[in-house]
Amino acid sequence: MAAITMNHIVKRYGDGFPAVNDVSLDIADGEFMILVGPSGCGKSTLLRMIVGLEDITSGDMLIGGQRVNEKSPRERNLSMVFQNYALYPHLSVFENIAFPLRLAGTSDAEVKKRVQDAADVLELREHLERKPANLSGGQRQRVAMGRAIVRQADAFLFDEPLSNLDAKLRGQMRTEIARLQRRLGVTTVYVTHDQTEAMTLGDRVAVLRKGVLQQVASPRELYEQP
Ligand code: ADP
Ligand code: ADP
């Protein structure tokens, strides 16, 4: 787990108006932070700069107190949870969760232990031999989270993970993600343009507009303000 600190972060793509304009934000260790705002306000750009998929024009990004501006995504040890949970259909739940460990060349014994530990937390123990097609939407979401857990990432990052789902499934997934985040207590940054998601999921909501951070408040504070 790790706190994420942004100090005066700016991103320019070319000579136009900055996509992210002087954003300073502290995300506490274990906090669930929502980034919300209309399309084009800079949410994805900010998330990509946290993960290391986008260069920072100016300002400092700190993860666990360490400046990471020049660090590769791999060195940052964060986990992006993919949209539509991008599971491999031909692989079992076990192998889907194990995937990042296989890439890293982890020993079979260690893979088995870490996948089983993750499956316990996620209540997937009985489903390890099944294929993704035979799982419910909620179970599939948990498998995707399992991949993030086995890597023992310091933080989870979500970029509009539910935007392509129907309303019913979206509601279920929201509940699932909130439950898991509380259970695991892993620092989480979650991007959405959906007000309901913003108001129901996070500990705090950071509101972006045209690249500028407008306010940071708890859902309750946002709700009660005039
Ligand atoms: P959001 O995620 O809130 O929809 P983005 O971070 O995707 O916003 O985009 C913020 C701004 O930066 C937009 O004006 C967008 O057009 C611009 N932008 C995003 N990615 C690029 C890119 N690779 N090259 C140039 N401009 C970009
Ligand atoms: P690392 O752990 O080094 O960050 P990743 O697990 O992010 O590596 O990805 C390593 C490779 O596996 C990449 O080429 C990526 O495209 C692929 N990959 C990882 N997860 C998925 C996924 N859910 N769907 C499709 N490809 C994936």
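Start by selecting I34, I97, V115 and Y190: these touch the most other members of the largest nonpolar core, which has 39 residues. A nonpolar core here is a set of buried Ala, Val, Leu, Ile, Met, Phe, Trp, Tyr and Cys residues joined through side-chain atoms within 4.5 Å, and buried means under 20% relative accessible area (1.4 Å probe, protein chains only). You are looking at a predicted model, in which local features need pLDDT of at least 70 and side-chain atom pairs count only at pLDDT 80 or more, while totals for chains, interfaces and linings use all residues. Residues are numbered from 1 along each chain as its sequence is written, and side-chain values use heavy atoms, without hydrogens and water.

Next, color α5 (137–150), which gives this core its largest share, six residues. Helices (H or I, at least four residues) and strands (E, at least two) are DSSP runs, numbered from the N terminus.

In what order do the strands of the open sheet stand? The order is β2-β1-β4-β5, with antiparallel pairing (two strands pair if DSSP finds at least two bridges between them). β2 (20–27) and β5 (66–67) each have a single partner strand, so one side of each is left without a neighbour in the sheet.

Zoom in on β4 (residues 58–63), which pairs with β5 over two bridges; there, L62 stands opposite R67.

Finish with helix α1 (residues 43–51), which packs on the sheet and touches β1, β2 and β4, contact being heavy atoms within 4.5 Å.

Definitions and conventions:
Chains are lettered from A and ligands numbered from 1 in the order in which they are written. Axes are lines fitted to C-alpha atoms, for helices over the stretch in contact, and angles run from 0 to 180 degrees between N-to-C directions. Buried means under 20% relative accessible area, exposed over 50%, partly exposed in between (1.4 Å probe, protein chains only).
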